[in-house]
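Keep the model open alongside as you read.

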Amino acid sequence: KYAAKLAKKSKRRLCLTGTPLAQSPLDLFGQFRFLDPGLFGTSWFHFSNRYAIKGNPHIPQQITGYKNQEELQQRMQLITYRCKAADVLDLPEAMHEERTCQLCPAAQKAYKQLEEELITEVGTGVVTASNALVKLIRLQQLASGFLVEDQTEKFHRLDTGKQALLGDLLEDAAGEPVVVFCRFKPDLAAVRAICDAMGLRYGELSGASKDGLTDRAEMSPTIEVLGAQIQSGGVGIDLTRARIAVYYSLGFSLVEYEQSLARLHRPGQKRNVVYYHLLAENTVDRRVYGALRARKDVIEAVLDGFSQRENEQ
């Protein structure tokens with residue numbers, strides 16, 4: 001809406017972005033309404049009906065898929081030029097690997113109760129999930145091995161599977177700088193505890209602390225492990241001192257995830273980068289990670305429509 005207002009005040013318009021489709025192909029609407037409303041019109045209702053599949057007519061914001069993507073590509077290409085990173089940046093290889101663990105029986109029991117009954121007992125209290133989003137967050141927390149009581153906010157550690165995986169990776173790193181991305185504060189506390197137990201120097205980048213960065217927003221040379229809250233560690237910082245990143249837990253934002261990847265794999269990086277994703281089997285970990293990858297695949301499918309035009313040029 002703001003871009004539409006801005007367009008009325010400008011005679012010449014240019015849109016420059018590294019993430020034109022932050023979450024889905026529908027992200028194009030606002031940008032093209034600003035650039036040239038003649039391409040896709042000015043009605044969000046008509047645009048979303050044309051290019052999105054809506055599973056429930058009574059819930060118009062619920063989107064189950066996308067359609068007419070070839071048409072979307074063709075119209076987008078009329079006034080768009082895409083410069084791929086591989087064409088202009090000489091970056092080393094980036095690899096993604098998974099490390100998996102199983103929840104212990106007690107944690108698995110609590111997980112099943114939360115998933116099916118939306119409530120589980122923990123300690124002397126209970127943990128509940130009042131709606132689908134809260135349920136998803138609670139299940140993610142449990143996949144990381146902890147829960148927090150509703151009333152007392154008392155913390156309970158139920159499982160240490162991911163801690164063991166991280167410990168093995170840090171041991172294999174043999175002193176190499178490592179960045180560990182986390183979603184939850186207790187995950188950062190777990191990373192700090194592992195580093196303390198292993199005698200590794202730890203620094204942090206979160207809403208509460210930035211002692212892991214230098215004044216130039218680079219990974220501090222005095223630490224071996226940086227614990228970074230994924231919401232804080234995405235934009236404007238340089239972590240190329242490390243070539244190893246571990247995703248202890250993930251959020252739902254593709255933009256935050258993509259930006260965090262680019263903190264290591266960016267100009268200035270001279271070595272191959274490895275991203276390790278820690279996943280608790282039979283939990284939402286796999287679904288959250290898979291959803292991020294699937295959204296990326298949809299977006300890449302739209303953007304890859306530029307390949308033929310670029311080759312012809």
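## A helix pair and its surroundings

The contact between α9 and α10 splits into 7 nonpolar residues, 2 polar and 1 charged.

Who touches whom? On the α9 side you'll find Q163, L166, G167, L170 and E171, and they meet A190, V191, I194, C195 and M198 of α10. Contact here means heavy atoms within 4.5 Å.

As for geometry, α9 covers residues 161-173 and α10 residues 185-198, and they pack at about 50° with axes 10 Å apart. That angle makes α9 oblique to α10 (under 35 degrees is roughly parallel, over 145 roughly antiparallel, 65 to 115 roughly perpendicular, the rest oblique). Axes are lines fitted to C-alpha atoms over the stretch in contact, and angles run from 0 to 180 degrees between N-to-C directions.

This is a predicted model, where local features need pLDDT of at least 70, side-chain atom pairs need 80 or more, and totals for chains, interfaces and linings use all residues. Numbering starts from 1 along each chain as its sequence is written, and side-chain values use heavy atoms, without hydrogens or water.

Now for two loop residues. T160 sits in the loop between β7 (155-157) and α9, while L239 is in the loop between β10 (225-229) and β11 (244-247). Setting aside neighbours within four places in sequence, L239 touches V179, F181, L213, M219, L226, R263 and L264.

| Pair | Apart in sequence | Apart in space |
|---|---|---|
| T160 and A173 | 13 residues | 20 Å |
| L239 and Q140 | 99 residues | 26 Å |

Zooming out, the chain has 13 helices and 12 strands (DSSP runs numbered from the N terminus: H or I of at least four residues for helices, E of at least two for strands). Buried residues make up 45% of its 313 residues.

Notes:
Ala, Val, Leu, Ile, Met, Phe, Trp, Tyr, Cys and Pro count as nonpolar, Asp, Glu, Lys and Arg as charged, and the others, Gly among them, as polar. Buried means under 20% relative accessible area, exposed over 50%, partly exposed in between (1.4 Å probe, protein chains only).
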